Amino acid sequence: MSTRARFSRPTVFGQFEVTVYNKDGSFLFAITRGDLPADDLLVRVQSPCLFGESFGVNSCDCGAQLTEALRIGAQQPNFLLVYLSNQEGRGLGLFQKVKLIEVEANQNVGMMEAFDILGLPLDIREYRSASEMIRDLNGDRAIRLMTNNPKKVDGLTAGGINISERVPLLVDPPNEACRAYLRAKKENLGHILPHLD
C-alpha cells in the first residue's frame with residue numbers, strides 16, 4: 001500500500017488532514033485530527049454508503065453515523081477516521097448493493113430477505129487494509145474503536161490492532177425510516193444497539 005497524497009481540508013466540523021492510500025487500484029482515505037501517533041487514539045472505520053452519505057437517504061444510518069463520527073472527532077485532541085472506499089455494500093460492491101435495494105423496493109421486503117432472495121452473503125468486508133493504515137499512522141499503540149459492530153473489533157484485532165475500548169456510535173433517537181434496518185443489524189448481524197430497546 002502506497003501513500004499518494006496528503007493535504008489539509010476545512011470542513012463544517014473544522015480542519016482535518018487527509019491521507020490518501022492506493023490499495024490495488026482503490027483509493028482509501030485516512031481523515032485525521034491532531035498529532036499522530038497518539039496514545040488511546042479514537043478511531044472510526046467507515047465503509048461507504050453512496051445513498052446514505054451523498055444523497056441523504058435515511059432508511060439506513062450510514063450518513064448519520066459518518067456525520068456523528070466527524071462531529072465527535074472534531075472535539076478530540078487526536079482522531080482518525082479510516083474510510084474504506086472499496087467496501088460499498090458490506091464489501092459486495094455498488095452494483096450488488098443496487099440490486100439489493102431494487103429487490104427491497106420492488107418486492108416490498110426487508111434487507112435480510114433481499115440478501116436471501118439474491119443468494120448473497122450478508123457481510124464480506126475485511127479489515128486488513130484498515131489495520132495497515134492504522135499501524136502506518138499510529139504504530140502499535142492501543143486505540144479506542146468507535147463502532148457498534150463486534151465483527152469490526154474482531155477483524156481489526158485479527159489484523160494486529162490493540163483495541164483498548166469499544167466506543168459506541170449511536171445516533172439517538174434513530175429516525176423512524178431506518179428503525180427496521182437497525183433492527184435487522186442488531187438481530188442478524190450482532191450490532192450492539194441498546195437505543196432501540
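**Backbone exceptions and an aromatic pair**

Pro37 is found in the loop between β3 (26-33) and β4 (41-46); helices (H or I, at least four residues) and strands (E, at least two) are DSSP runs, numbered from the N terminus. The model is predicted, so local features need pLDDT of at least 70 and side-chain atom pairs pLDDT 80 or more, while totals for chains, interfaces and linings use all residues. Residues are numbered from 1 along each chain as its sequence is written, and side-chain values use heavy atoms, without hydrogens and water.

Most peptide bonds are trans, and most residues other than glycine have a negative phi. The bond from Leu36 to Pro37 is cis, with omega near 5 degrees. A cis peptide bond also joins Asp172 and Pro173, with omega about 0 degrees. Pro173 lies in the loop between β7 (163-167) and α7 (179-189).

Arg90 has a positive phi, near 55 degrees. Its place is in the loop between β5 (79-83) and α3 (94-107). Arg90 is buried, at 11% relative accessible area (buried is under 20%, exposed over 50%, partly exposed in between; 1.4 Å probe, protein chains only). Asn108, not a glycine, has a positive phi of about 55 degrees. Asn108 lies in the loop between α3 and α4 (111-118). It is exposed, with 72% relative accessibility.

A search of the whole structure finds one aromatic pair. The ring centres of Phe51 and Phe55 are 5.8 Å apart and the planes stand at 70 degrees, so the pair is edge-to-face. Rings of Phe, Tyr and Trp (its six-membered ring) pair if their centres lie within 6.5 Å; planes under 30 degrees apart count as stacked, over 60 as edge-to-face and the rest as tilted. Phe51 is partly exposed, at 23% relative accessible area, whereas Phe55 is exposed, at 54%.
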